[in-house]
Protein chains: 2
Amino acid sequence: MPDKPSITVCDATLRDGSHAYSHQITLEQVRTYAAASEAAGFSFLEVGHGNGLGASSLQVGESLVPEGDMLRAAKACLRRTKLSVHVIPGFATIQRDIAGALEAGVELFRVGCHCTEADITQRHIGHVRSVGREAWGVLMMSHMASKDVLLEEAKKMQSYGAQGIVLMDSAGAYFPADVTEKIGLLAGRLDVPVGFHAHDNLGLSIANSLAALEAGARIIDGTAKGFGAGAGNAPLELLAAVLRQRGYPTSLDFYKALDVAEVAAKLFAGSLPSASGITIVSGLAGVFSGFAKPVQRAATQLGVDPRDVFFELGRRKVVGGQEDIILEVANELARRKNGANPGAPAP
Amino acid sequence: MPDKPSITVCDATLRDGSHAYSHQITLEQVRTYAAASEAAGFSFLEVGHGNGLGASSLQVGESLVPEGDMLRAAKACLRRTKLSVHVIPGFATIQRDIAGALEAGVELFRVGCHCTEADITQRHIGHVRSVGREAWGVLMMSHMASKDVLLEEAKKMQSYGAQGIVLMDSAGAYFPADVTEKIGLLAGRLDVPVGFHAHDNLGLSIANSLAALEAGARIIDGTAKGFGAGAGNAPLELLAAVLRQRGYPTSLDFYKALDVAEVAAKLFAGSLPSASGITIVSGLAGVFSGFAKPVQRAATQLGVDPRDVFFELGRRKVVGGQEDIILEVANELARRKNGANPGAPAP
């Protein structure tokens, strides 16, 4: 099968999985999992807080272990597999967080932002390149922008020095045809490799990853057993299987890539993601999966259906950072339900 | 969305799930689940042993509860939702099993066989039609036959009186393009509605179901939380979501269709299917998922990798009923591994 291009498979288990584990991943878990990832031959292992470098905080959740310790623990287990981090300007500072990650031996910085705000990544991408390390651009919640807007934003990141562009389906809202359209345009029009990062809210993470590969993506993200935010990600063990079946060359040892699922199942038993009515509606509504817990809390408190809250958040096109709107929406639904505001206009 | 056709959604939870529960489903579980299925508005609820009417036996596993009791318990909970059964000639006799099911009020008989053996369904389909009940034809392990062979077999079933034809992906081996090709041909050339029954071994059950709908399928099977053989089926809660998002009319109450997942999660906790290295390789090799347990036993006993056993079974194109070959293959792999037979030709 010499006609298919080689695919870079990125293992985000110890970063996206942080969301599924309330950021309580231990150093022992980092070491055990990193060794399994290295053995499987993934190209990159991403490690850290779910929201990336410097994000550990009361606001979005504190990591159990300091970031530098996690990165050094992982690095010590890696040889062929390179260490990468997720970087969101706003959480991550250049002076403190990127400097610390460089010292810890991080080889790839994936600098992300909301899909229409590429401008904010310029300084971070530029800095990483200026010190001679690899930088990619990541467009999050990419279902909220048209393919033409995404191309424009990706081109900005490329002009800042990004050596790869990843579209994230942060809400798990894509259908395969959407992926084909957007990845196809970017892969055809950018000078750097394009990647895709799936979430499984609608059960389409593997199909969407496959659509991305067929449309020209050369980078694909996954997590062992789908261990990630909301309904989780494209399971690496399934990605390994479809890549093999479709004849894409990779750096993977196939059986050891299957084995990471069992390693993750043991390490994170009881915290593996699973589709629920909440994560499904979150995907249909196109709302960031990380909202699931606060939405459930607000809905219980006010006696409304959390699924109605998600649909309303979707109508308002809410994005990460706007968690305060959750309570406002839940309150309004409760008022409508209780008839306390009968004169309110229909939605 | 008036241009999309109405879809018949079949709930196979209390039949395919029997495989995942070693056929130990209780009457109380039947009643609780059937009430949830009725509330959700599924068109049919299939009930019984995993291998269908009359299959309870030492050979393939004994049901905890007599078939007639399960069917009557379910029937008592159903009003709009119709009761259906899976029928494999060889297990199911007309005199004993179909007669009993008719007495219990079964409304649809889905008569299945290996995908190249439609002939054996003639008498059963004919009998069901002669007593005025509905009969469909089901082609199992359909990935093993070409689209032209499937069309020929389906036409036979149609000539026997089948009022619908369902292709089963019993091994979870299909990719969406395969489904598009086969369902597309059948939907275009048969006079009766065509359906699809997915398994999730490669994580593609929802994508394959979607491909089937887009290619003209009007019937779709699923199970709550994917509760079924091997890696399980297309989860009904996810089917409900994609049907809604794509604008297909159905008889479903959307939120109550999501709720069946939670009902199943509680009723069958600890037995819900999940992809593993074994089920994934089973899908890649195109072997019936129900082989997972005997393959694991044989592999452990002989000290070989169960995944190697599955790949070899796939090369030999083994089908259900040929379980004796499992031990033979495991033995041969053990001999090769231990060098006891160094002169054997390379595979």
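This is a predicted model: local features need pLDDT of at least 70, side-chain atom pairs count only at pLDDT 80 or more; totals for chains, interfaces and linings use all residues.
Residues are numbered from 1 along each chain as its sequence is written, chains are lettered from A and ligands numbered from 1 in the order in which they are written. Local features need pLDDT of at least 70 and side-chain atom pairs pLDDT 80 or more, while totals for chains, interfaces and linings use all residues; side-chain values use heavy atoms, without hydrogens and water.

Visitor: In which order do the eight strands of the barrel in chain B close?
Guide: Strands here are DSSP runs of E of at least two residues, helices runs of H or I of at least four, both numbered from the N terminus. Two strands pair if DSSP finds at least two bridges between them. The pairing is parallel, and the order is E1-E2-E3-E4-E5-E6-E7-E8.

Visitor: Which residue of E8(B) is the bridge partner of Val9(B)?
Guide: Strand E1 (residues 8-12) of chain B runs parallel to strand E8 (residues 219-222) of chain B, and four bridges join them. In E8(B), the partner of Val9(B) is Ile220(B).

Visitor: Is His23(A) buried or exposed?
Guide: His23(A) sits in the loop between helix H1 (13-20) and helix H2 (27-40) of chain A. Its phi is near 65 degrees, a positive value in a residue other than glycine. Buried means under 20% relative accessible area, exposed over 50% and partly exposed in between, with a 1.4 Å probe and protein chains only. The relative accessible area of His23(A) is 8%, so His23(A) is buried.

Visitor: What is the relative accessible area of Met141(B)?
Guide: Met141(B) lies in the loop between strand E5 (134-140) and helix H6 (147-160) of chain B. Its phi is also positive, near 50 degrees. Met141(B) is buried, with a value of 4%.

Visitor: How are H12(B) and H14(B) oriented to each other?
Guide: Axes are lines fitted to C-alpha atoms, for helices over the stretch in contact, and angles run from 0 to 180 degrees between N-to-C directions. The axes of H12 (residues 292-302) and H14 (residues 324-337) of chain B come within 9 Å and cross at roughly 30 degrees. Angles under 35 degrees count as roughly parallel, over 145 as roughly antiparallel, 65 to 115 as roughly perpendicular and the rest as oblique. H12(B) and H14(B) are therefore roughly parallel.

Visitor: Which C-alpha of chain B is nearest the axis?
Guide: Copies are superposed by least squares on C-alpha atoms of residues with pLDDT of at least 70 in both. A rotation of 180 degrees with 0.0 Å of shift along its axis superposes chain B on chain A, with RMSD 0.0 Å. The two copies are thus related as by a two-fold rotation axis. At 3.0 Å from this axis, the nearest C-alpha in chain B is that of Ala207(B).
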